[in-house]
Amino acid sequence: MFDLTPLLKAVLPADALAFFRQKGYRINFDLQDMRAQENQAAFTVAKVMQLDLLADIRTFVDAAIADGTTLAQFRKLLTPRLQDAGWWGRKVMTDPDTGEIRPVQLGSPRRLEIIYDTNLATAYSEGQWERIQRGKTLFPFLEYLHTSSNHPDPTHLTYVGFVGPVDDPFWQAHMPVRKWNCKCQVVQHNQRSLDREGLAVTQAPPEVMRQVVNRRTGEIMDVPAGVDPEFNYPPGGRRANLDKLLQSKLPPQS
């Protein structure tokens, strides 16, 4: 589960909510049907094909960010709604793009954990980035911290201890979070705090790109190492992507 404790010290819930609440909606059958920028700009849950149900799930996520709802509470509150809607367990669905009829996993405790972790992690990360930008005149440096994950990404481990200017291009690709279940963090510094902790600005790690094939479309993408394709977007880039949404951010009218 994503540990929000470090971020809560650096991010106000209002900053995280500001990011989450400006998102639009996106209906999709498979996350690979979406470009990374759409993941940043729109709220989506793969295989939720009704906008009213997607809006309900969003309401519970919103409350989790605003009220500090735990994962256990989130599951307890949302599970009956999904079960009543028939969006639970293993079901047979038709892929709208291919026409293939196949078994799929809908709601489950594990899927609710992914929905909870991913949306809270990205909201707090984007909120932190906004706060970093507001304070970069006084605190112009970022330090990449050691992850709390039990299974850290090997590439991310090579970034631990890197200190660079807020405007270093490195952060555009690697500002956490950039992978599923990523628990990496950054902390902001000024020169005084760097001196106090014995830190120094260093050169950014070299960028290593890899090719990833979208199994749905066959598209070949160049993605930085340590970044999952769904998270391959710059922090704070949502403003540039709002006009790319395929659906309004307004919930359905009753």
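1. Basis. The model is predicted: local features need pLDDT of at least 70, side-chain atom pairs count only at pLDDT 80 or more, and totals for chains, interfaces and linings use all residues. Residues are numbered from 1 along each chain as its sequence is written, and side-chain values use heavy atoms, with hydrogens and water left out.

2. Overall make-up. The protein chain holds ten helices and nine strands. These are DSSP runs numbered from the N terminus: helices are H or I with at least four residues, strands are E with at least two. Of the 254 residues, 48% count as buried. Buried means under 20% relative accessible area, exposed means over 50%, and partly exposed lies in between (1.4 Å probe, protein chains only). The accessible surface is about 12,700 Å², and 54% of that belongs to carbon and sulfur atoms. Areas come from the Shrake-Rupley method with a 1.4 Å probe; for residues, only the protein chains shown count as cover.

3. Contact range. Take contacts between residues at least 6 apart in sequence: 66% of them join residues at least 24 apart. Contact means heavy atoms within 4.5 Å.

4. Helix α6. This helix covers residues 109-135, and its 27 residues should span 39 Å at 1.5 Å a residue. The expected span is 1.5 Å times one less than the number of residues. The end C-alpha atoms of α6 are 39 Å apart, which agrees. α6 is mostly covered, with 20 of its 27 residues buried.

5. Main core. The largest nonpolar core has 31 residues. Such a core is a set of buried Ala, Val, Leu, Ile, Met, Phe, Trp, Tyr and Cys residues joined through side-chain atoms within 4.5 Å. Val45, Ile57, Val61, Ile65 and Phe74 have the most contacts inside it. Two or more residues come from each of α2, α4 (51-67), α5 (71-84) and α6. The largest share, seven residues, is from α4. Beyond its neighbours within four places in sequence, valine 61 contacts Phe20, Phe43, Phe74, Ile115, Asn119 and Leu120. Another core lies apart, with 18 residues, among them Ala36, Ile132, Cys184 and Phe231.

6. Leucine 17. This residue is in α2 (residues 13-21). Leucine 17 is buried, at 11% relative accessible area. Leaving out residues up to four places away in sequence, leucine 17 touches Asp62, Ile65 and Ala66. Leucine 120 is 103 residues from leucine 17 in sequence, yet 9.5 Å away, C-alpha to C-alpha.

7. The sheet. An open sheet of three strands runs β6-β5-β7, with antiparallel pairing. Two strands pair if DSSP finds at least two bridges between them. β6 (163-165) and β7 (186-189) are the edge strands. Neighbouring strands are turned by 30 degrees against each other on average, direction ignored. Four bridges join β5 (residues 141-144) to β7, and tyrosine 144 stands opposite valine 186 in β7. α6 packs on this sheet and touches β5 and β7; its direction makes about 10 degrees with that of β7. Axes are lines fitted to C-alpha atoms, for helices over the stretch in contact, and angles run from 0 to 180 degrees between N-to-C directions.

8. Backbone sites to check. Most residues other than glycine have a negative phi, and most peptide bonds are trans. Proline 176 and valine 177 are joined by a cis peptide bond, with omega about 10 degrees. Valine 177 is in the loop between α8 (170-174) and β7. Asparagine 181 lies in the loop between α8 and β7, has a positive phi of about 65 degrees and is partly exposed at 44%. Lysine 47, in the loop between β2 (42-43) and α4, has a positive phi of about 75 degrees and is buried at 13%.
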